[in-house]
Amino acid sequence: MNIMISWQEYRTRTRNFLNRYFERPAARLLEKIGLSPNNVTLIGLILSGVTAYVISFGEFFTGSILLILGSTLDMADGALARLQNRATATGSLLDSVADRTSEAIIFMGLLLFYLESHSALEVLLIFFALTGSFMVSYMRAKGESLGVHSTVGVMTRPERVLTLAIGLLTAQLLIALTIIALLSSFTALHRFWHIRGELAKDSN
């Protein structure tokens, strides 16, 4: 439990650091360009398609750079909405849908590459990585619908993006996919038990 608490503290500090030195400066730059938060979200989604296309041909280094750029835009759209006082429920919905879609598109690019090379193990890992990733997001959404805020776990979207980017940069995708598949499943299970525990407290 202490390990989990320390990890949550680390993530909070990292998030604050990124918000101060990356998200806010990027948001100010995007505002000067004249983009709206929804524009940034859609550009990030399109960039994910380009990233998947590049990855499907085995251009992993270029794909990693595009993935990092797309992730930066993903972080900046929320900061831009707050900067422009344009944060809305509709924008939040669009951002969430775009996040899930972008992640699926990236994995599709990897899937196409490994199907072409007949790599059954990697194809299986992609399935478990994508399933685990979606379950992590689903458990948070389900928890919130039940009145429980659940952000616990070691493999949320930022960690998945970072792990995949490192895997692409180093051409060690087997390791990266294994980590994502295992830790995403663990995180989903962790959130399930956390939500279950909180609901049990409320019923007593």
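Reader: Is the crossing of α2 and α3 left-handed or right-handed?

Author: The model is a predicted one. In it, the crossing of α2 and α3 is left-handed. Helix α2 covers residues 37-56 and helix α3 covers residues 60-83. Their axes lie 9 Å apart, and the angle between them is about 165 degrees. An angle over 145 degrees counts as roughly antiparallel, so α2 is roughly antiparallel to α3.

The contact can be followed residue by residue. From α2 come Pro37, Val40, Thr41, Ile43, Gly44, Leu47, Val50, Thr51, Val54 and Ile55. On the α3 side they meet Phe60, Thr62, Gly63, Leu66, Leu67, Leu69, Gly70, Leu73, Asp77, Leu80 and Ala81. Sorted by class, this contact of α2 with α3 holds 14 nonpolar, 6 polar and 1 charged residues.

Helix α3 also packs against α4. Here the axes are 11 Å apart and the angle is about 175 degrees, and α3 and α4 are therefore roughly antiparallel to each other. Phe60, Leu67, Asp74 and Asp77 of α3 make this contact with Asp95, Asp99, Ile106, Leu110 and Phe113 of α4. By class there are 5 nonpolar and 4 charged residues in the contact of α3 with α4, and no polar ones. Phe60, Leu67 and Asp77 of α3 are named in the contact with α2 and also in the contact with α4.

The next pair is α4 and α5, the latter spanning residues 120-145. Their axes come within 9 Å and cross at roughly 175 degrees, and α4 and α5 are therefore roughly antiparallel to each other. On α4 the contact uses Arg100, Glu103, Ala104, Phe107, Leu110, Leu111, Tyr114 and Leu115. On α5 it uses Glu122, Val123, Ile126, Ala129, Leu130, Ser133, Phe134 and Ser137. The residues of this contact of α4 with α5 divide into 11 nonpolar, 2 polar and 3 charged. Leu110 of α4 takes part in the contact with α3 and in the contact with α5.

Now to the empty space. Rolling a probe the size of a water molecule over the atoms shows where such space is left. The count gives 1 cavity of 30 Å³ or more. The largest cavity holds about 250 Å³ of space. It is lined by 25 residues, and the closest to its centre are Ser48, Ser71, Ser102, Glu103 and Arg157. Two or more lining residues come from each of α2, α3, α4 (89-116) and α6 (157-170). The lining of the largest cavity is made up of 11 nonpolar, 7 polar and 7 charged residues. Glu103, one of the residues closest to the centre of the cavity, is also in the contact of α4 with α5.

The largest pocket has about 1,700 Å³ of space. Among its 47 lining residues, Arg15, Asp74, Thr156, Arg157 and Pro158 are the closest to its centre. At least two residues of the lining come from each of α1 (2-33), α3, α4, α5, α6 and α7 (173-203). The helix that gives the most is α1, with 11 residues. By class, the lining of the largest pocket has 19 nonpolar, 13 polar and 15 charged residues. Arg157 is named for the centre of the largest cavity and again for the centre of the largest pocket. Asp74, also named for the centre of this pocket, belongs to the contact of α3 with α4.

The second largest pocket has about 210 Å³ of space. Of its 13 lining residues, Pro37, Ala81, Ala87, Gly91 and Ser92 lie nearest its centre. Helices α2, α3 and α4 each give two or more residues to its lining, and α3 gives the most, with 4 residues. The lining of the second largest pocket has 3 nonpolar, 6 polar and 4 charged residues.

Note on methods. Residues are numbered from 1 along each chain as its sequence is written. This is a predicted model: local features need pLDDT of at least 70, side-chain atom pairs count only at pLDDT 80 or more; totals for chains, interfaces and linings use all residues. Side-chain values use heavy atoms; hydrogens and water are left out. Axes are lines fitted to C-alpha atoms, for helices over the stretch in contact, and angles run from 0 to 180 degrees between N-to-C directions. Angles under 35 degrees count as roughly parallel, over 145 as roughly antiparallel, 65 to 115 as roughly perpendicular and the rest as oblique. A crossing is left-handed if the near helix is turned anticlockwise from the far one by less than a right angle, and right-handed if clockwise. Contact means heavy atoms within 4.5 Å. Ala, Val, Leu, Ile, Met, Phe, Trp, Tyr, Cys and Pro count as nonpolar, Asp, Glu, Lys and Arg as charged, and the others, Gly among them, as polar. On a 1 Å grid over the protein atoms alone, a cavity is a set of points where a 1.4 Å probe fits but cannot get out, and a pocket is an open set with protein on both sides within 12 Å along at least five of seven lines; lining residues have an atom within 4 Å of a point. Grid points are joined across faces, edges and corners, and a volume is the space filled by probe spheres set on the points.
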